[in-house]
Amino acid sequence: MALPDIVDRDTWRAARIDLLAEEKAMTRARDALSTRRRELPMVRVEKDYRFEGPDGTVTLLDMFEGRRQLIVQHFMFDPSWEDGCPSCTAGADEMSEGLRRHLETRDTTFAVVSRAPLEKLERYKKNRGWTFPWYSSHGSDFNYDFHVSIDPAVAPVELNFRAADELEAAGLGWALETPTEQPGFSAFLAVDGEVFHTYTTHARGMEWTGGSYAFLDLTALGRQEEWEEPKGRADIARGNIPDFAS
C-alpha cells in the first residue's frame, strides 16, 4: 500500500499551509459558484403534477408542507423493479431526521420522488427504516419532464442537460435507445401559491448533497476508488459507483 511520506511535524505543517491556500481558493470559488446558482432565473411549473403518498394524492405544492422551498431527490426506482437503485439507496440512507430538521428550520422541505408504485416505495422504505416523505410519480409526466426517466419512445432524450447530438458525441448514445432511470436533485420555490423550478443537478453534482464523500475526501486514503490519485493508497480499489456496498 502506497502510504503518505513520513516527515517531521514542521515539514508536515509547511505542506499543510501550502495546501490550505488552495483550499481557501476553492472555498471562495465554491462560494462564488453558489452565488451564481442563487442568481439563476426560475421557471414557473405549469403542469398540475399529481403524486401518490401515504396520505393520498398530493400536488407539488402540497409537498412543500407549508414551507417556502422544496428539495426533491429523484430516486431511481423503475415500476418493474422490486428494489430501489443501490446508489440512490446509499444517498437516502444519509438523509437523517436531524438533517431534515435543519433544512426545515431554514424553511426548506426534503422529499423523495420515484416512478415505482407507492406500495413498492412503502415496502422498501419500511425495510430501510427511512422516515422521509416518499411520493410515487407513477403515471405522471414528472420524471420525463425532469429528464430522470429516459425513454425515447415517451419523450425527447436529454441526459444531464445534453441533447441527442451531444450524447452521441460524448459516447452516450445508449441513452437514445435504452429506457433508463437517472438520479438527480431538484429545487423548487413557492411564491404566492405558485411553484417555480430553480435548480436541478445530476451525476457528480449530487456528491455534495451527502456526507460520506465529503468526509472521505478529508482522509489520507480518500474515497478508495480506482480513479483517484495517488494510486495504491487503498487495499481495494473500488469502482466509482457510490452505493457503498463495499
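Which residues form the negative surface patch?

Modeller: This is a predicted model, and in it the negative surface patch is formed by Asp165, Glu166, Glu168 and Glu177. Of these, Asp165 has its place in helix α6, which covers residues 164–169, and with a relative accessible area of 57% Asp165 is exposed, since the term applies over 50%.

Charged residues also occur in salt bridges, of which a search of the whole structure finds 14. One of them links Glu82 and Lys120, whose closest N and O atoms are 3.3 Å apart. Because Glu82 lies in the loop between β4 (69–74) and α2 (86–93) while Lys120 belongs to helix α4 (residues 118–128), this pair ties together parts that are 38 residues apart in sequence. Glu82 counts as partly exposed at 48% relative accessibility, whereas Lys120, with a relative accessible area of 15%, is buried. Through salt bridges that share partners, Glu82, Asp83, Lys120 and Arg123 are joined into one network.

Asp48 and Arg50 form a salt bridge in which the closest N and O atoms are 2.8 Å apart, with Asp48 counting as exposed at 52% relative accessibility and Arg50 as partly exposed at 43%.

The surface also carries a nonpolar patch of about 300 Å², made by Met1, Leu3 and Leu221. Leu221 is placed in the segment after α7 (212–216) and, with a relative accessible area of 32%, is partly exposed.

For a buried position, one may turn to Ser137, which lies in the loop between β6 (134–136) and α5 (142–145) and counts as buried at 1% relative accessibility. Leaving aside residues up to four places away in sequence, Ser137 touches Phe51, Val113, Ser114, Arg115, Phe142 and Asn143.

Finally, Ala29 is found in helix α1, residues 9–38, and counts as partly exposed at 42% relative accessibility. Ala29 and Asn160 are separated by 131 residues in sequence and, from C-alpha to C-alpha, by 22 Å in space.

Methods. Residues are numbered from 1 along each chain as its sequence is written. This is a predicted model: local features need pLDDT of at least 70, side-chain atom pairs count only at pLDDT 80 or more; totals for chains, interfaces and linings use all residues. Side-chain values use heavy atoms; hydrogens and water are left out. Patches are made of residues with over 30% relative accessible area and no salt bridge: like charges are joined within 9 Å, nonpolar side chains (Val, Leu, Ile, Met, Phe, Trp, Tyr) within 5 Å. Accessible areas come from the Shrake-Rupley method with a 1.4 Å probe; for residues, only the protein chains shown count as cover. A salt bridge is a side-chain nitrogen of Lys or Arg within 4 Å of a carboxyl oxygen of Asp or Glu. Helices (H or I, at least four residues) and strands (E, at least two) are DSSP runs, numbered from the N terminus. Buried means under 20% relative accessible area, exposed over 50%, partly exposed in between (1.4 Å probe, protein chains only). Contact means heavy atoms within 4.5 Å. Lys and Arg count as positive and Asp and Glu as negative; His and the chain ends are not counted. The place of a charge is taken as NZ of Lys, CZ of Arg, CG of Asp or CD of Glu.
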